[in-house]
Each structure stands twice: as C-alpha cells, then as structure tokens.
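Hi,

Here is the structure I said I'd pass on. Have a look, and my notes follow below.

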Amino acid sequence: MARVLVGVKRVIDYAVKIRVKPDKSGVITDGIKHSMNPFDEIAVEEAVRMKEKKIAQEIIAVSCGPTQSQDTIRTALAMGVDRGIHVEISGPEYQTLQPIHVSKILAKLAQDEKVDLVILGKQAIDDDNNQTAQMTAGVLDWPSGTFCSKIENNNGELTITREIDGGLEIVKMKTPAVLSADLRLNEPRYATLPNIMKAKKKPIKKITPKDLGVDVTPRIEILSVEDPPVRQAGAILPDVDTLIVKLKESGHV
Amino acid sequence: MFSICVKTLRATSKFTSLARYESTLVIAEHNSKNLLPLTCNTLTAAKKIGGDITVLVAGTKCQAVAQNACKAKGVSKVFLADSDAFKGFTAESLTPLILKLCNEHKFTHILAGASAFGKALLPRVAAKLDVSPISDVINIKASDTFIRTIYAGNAIQTLKSKDNVKVISIRGTSFELLPLEDGDAKCETVPTDDYTSNQVEYVKQELSKSDRPELTSAKVVISGGRGMKSGENFQLLYTLADKLNAAVGASRAAVDAGFVPNDMQIGQTGKIVAPNLYIAVGISGAIQHLAGMKDSKTIVAINKDPEAPIFQVADYGLVADLFKAVPELTEKL
C-alpha cells in the first residue's frame, strides 16, 4: 500500500477580486480571504479516495508558508489526510519563494517520509506558474504525470489520463511518481463539522527549510506588480442588425 | 579553464552589449509533419532576446519538420533528434537530450511555447539545471527581465531572473508568428542512442477531431457557456462558426456540465486566446474565464442578463436571448 504526500498552498480565495499595492511591490493580502488552492483540494480529494479504496495507507499534507498555512493543512486533515507538515517560511523569503524552492522541500520530504506518490495541484491560482509538480519529479528523478483527469492505480502501476491541448493522452508509469491534478480529476468533498473537530487532534509537525537543508535564496527579483491595462467601456447594442453593422465597420465580417 | 573563460566573457558582457552573447535554444513543438504555430510565436520571442537561435526538433520521423524549421529567418541552426525514444514527446525522454545539448552548447536561454507540452517539459529541465523557470511570459524587456501575468491575468509582474540559464515558456498570443521563409539554417542531426526512458510508457492520444481552425491561433473565436443549456445547442455556435471561419471555445461551466470536451475550455486553467474577434455567448464572465480571453481585440457578448460581468469587458454587448440572437446573426451574416 502506498504512502502519499500531497502539497497544499494557501492562496487568496479564487472569488476575490485582487488589488495591486500602490507601491507596485505585490498584491494586497492583509485582511483578504484566503483558502486552499482549488487544484490542491482536488489533489487531497484524490489521495483520500485512494485511502478509501485501500490503495493508500497514509496521507501526509505539506504546506510551505507563514503560520496561517497551518489553517490550510487543517482543512486537508479535515478532508481525510492523516497528518500534516508545516514548513515555515515567512516575511521576505516567502515573497520570493518559488516552485524551485518548494519542489526541493517536497522532494526531501518525499524521501524522508518514504512516500510512493506525490500528488500536487497543476498550478496555484496566485502565481499561475504550473511548475512545482514537474520540478519535484525532476529533483527526485521520478516520472511525472501532469494535468491528470483520471488516475488508475493498480498496485503501484499507474494508468493516467492527461488533459492535453488537442484532447486527452494516456500514459503508464510505476510508482514512485509525481502527479499533478487537473480540474476534471474529481469533485472535492466538503469537510463535515465532526471531521473538522477530529482534524484538530491530528498532528502537524513544524519544520523549517533549513532543517531539510534546502536553500530558499531568491532566484528572481520582483521589479514590479501592476494592474493590467483597463479595457475601454463598450456599448450595449439594441439588436442583431446593429451588431452586424458594427462588426462590418470594424472589418471583422 | 575553458569554463572560466566563458564565465569571464559572460560577466564582462553585462557591462557591454548583453545581447551579443545570448544563445537561445527553442524547443519545437510539432506533430511530425509541421511545426505548430506556437513554435513560430516562440521564435519571435527568441528574436527579442537577441543572439543566436537554435531550434531543437525532437521526435519520431520528424525530418520534414526540421527542414521546415530551417526556413525560419533568424534561426542559425536546427538540431534534429529523431528516435522512437521520443514517441509521445514525454518530458522524461526529452529532458536528458536537452540537458546534453545545453551542456555542450552553453545556451543562455531555453524557450518553448506555454502549451501542455511546454508546461510539462520545461520545469523538469529547469529542475535538472537547478534554475527557476519562468512561465507564460507575455513580454521580454531585457535578456534577464520578463513580464508575465499572475492572479488569473489580474496583475502584471515584471521579474528579473538571477539564474545563469533562463528557462522560459512563451504565451503564444503575446508574440507574432515568425514566418517560415527566407531562412537558411543548417540542419544538424544529433545522436539519439541513449534516450529511451523506461519511466513513462506512452499509450495513446484521443484527440478531438475538428475541421475548424485551432482555438489558440484562430482569428475569430465563438464561445459558449452555461447559458447554452446543453451540448446539442452548441450546434448553434458551430453553424455560426462555419460562417465566420471561427474556432469554438467554452467556459468552464459548459465543460463541467458536459456540453463539450475539456480541450475547448478557455480561461486561467484552460487555453488562452487573443483573437481579433471573440464572441461570448451565454457566458457570465467569471474572473477565471476573462483570464483566457480579455486580450482579444474585439469582444462581443450575447447574454440575457444585463448585469453579467462579461459586459464590462465587451466592446459590443447584446442583451438578448441567445436562442434567438445567434440564429438571427447566423442568418443575416
């Protein structure tokens, strides 16, 4: 039976309209609703389903970030994860924390915890990088199954359906492997109140990148974060005929 | 010793003309017959970085593609790596090849289009090189300074990379297509003896068949959302699309409801399009959808809800029942 590591990131809630800081250093995060990255919820759900099917034996959730990241780990625990690891990184180091750092942390934990499968979301909806799973697989030299919409696990033999540009692709690989979850993989469950209460008793281990021997020196310098150009307000047209006239005027038809 | 020389050269170059010493490897995406248009967008981005451009065409029976790539103006060399090992273009088989080429030729930049292929491959390469990749770049300010969007396109980040090799995926819609003409690059076959990876077994692809233009490069895109109510009703959009030679896309709601397949999804987590004309039909315009289409030149929205956020980005809005307006539009065009 497999041991599974899932990565969970605390991000600004997907429904929030973000605001850029006036000094262009980033976006405003203080006092803004945060939640678990939606793709990570899908990763957690998949791991929990593996446990329910008795394919997985233990699930460990990891989050790298400030103290509040523990809330995200608690959410994973309430969904059915067994225990958590909080890799504490805050302040300026967190501002420049990138997939390269996170992937090294996850790779080290995957080895230390002797896991067979790492499942991550395909991208975080804040930095939109879509890199961590691929890089974790690269660091470990494990196969990667990216953008999974279906994972069949037969004693460590994985048959994976991937979402690619023209449709779907099927690949096979053996564990240990790193997978990244696409939206279509599953529908994450809601944590019930009793499970949220139970999750409070589950252990979360706190460590630092230094404990793992991972250097989190910034690899990039953020020069600025700005608002995108605003589109000019358009016109509401009375009927289809006017629309056709407008499209003809602008040379589209 | 030699590597010290190279390092010194690079260090000095920072104080003189940086661009002169850049050398970029563009990883071609192709279907064994043709280069995909996204690769031609990526070549334009490579030109913006400056310096030498080398294209890698790796795959199975892809000689024609390499010859194709030689015709791109500004490309100095094309590497052809033809082997069964690259079947399915898996990241596991391609990464060692790219690393070897990178070691031998000391590329300063490695580029690919930000497609499912590029997104799966480049971060693995970057991890092996111990550098931080840069995803979905929309503009290049300098050879080490790049612009990309974050938070579903709601903020624009300018970043400076400190790594010695920059591994970058390029947003196709942000760069022109480089035409495959007037070029005279040399094609060099690279040895491919030892790249068979037993890590991943490629089984098959199930591609959606369509005669319409490809979504990400179409000049006109018509998209349907939850308001379409069913998959059958998408026929209304297909009929209109045929008249306009348009591609048909969808919002996540339409995909999740099973109206159309996933690969038609436009948005933060689907495809990013920037056509001349985008017609959104029965789409409310959630942040995640706007991320995929708000750089379209002209946006038309057809929606019966006057409060729908899509009207805030639409150049022309029609508050109407799509089941009446779309057939009328088709008929009158």
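Predicted model: local features only at pLDDT ≥ 70, side-chain atom pairs only at ≥ 80, totals over all residues.

Leaving aside its neighbours within four places in sequence, which residues is B:Q265 in contact with? Residues are numbered from 1 along each chain as written, chains are lettered from A and ligands numbered from 1 in the order written, and side-chain values use heavy atoms, without hydrogens or water.

So, B:Q265: with contact meaning heavy atoms within 4.5 Å, the residues are A:L183, A:R184, B:A250, B:S251, B:R252, B:V255, B:G270 and B:K271. B:Q265 lies in the loop between helix 7 (252-256) and strand 13 (277-281) of chain B; helices (H or I, at least four residues) and strands (E, at least two) are DSSP runs numbered from the N terminus. B:Q265 counts as buried because its relative accessibility is 3% (buried is under 20% relative accessible area, exposed over 50%, partly exposed in between; 1.4 Å probe, protein chains only).

On the cysteines: there are zero disulfides over all chains, a disulfide being a pair of cysteine sulfur atoms within 2.5 Å. B:C40 is buried at 8% relative accessible area, and its sulfur is too far for a bond because the closest cysteine sulfur, in B:C70, is 13 Å away. B:C187 is in no disulfide either, with the nearest cysteine sulfur, that of B:C70, 4.6 Å away. B:C187 is partly exposed, at 39% relative accessibility.

Cheers
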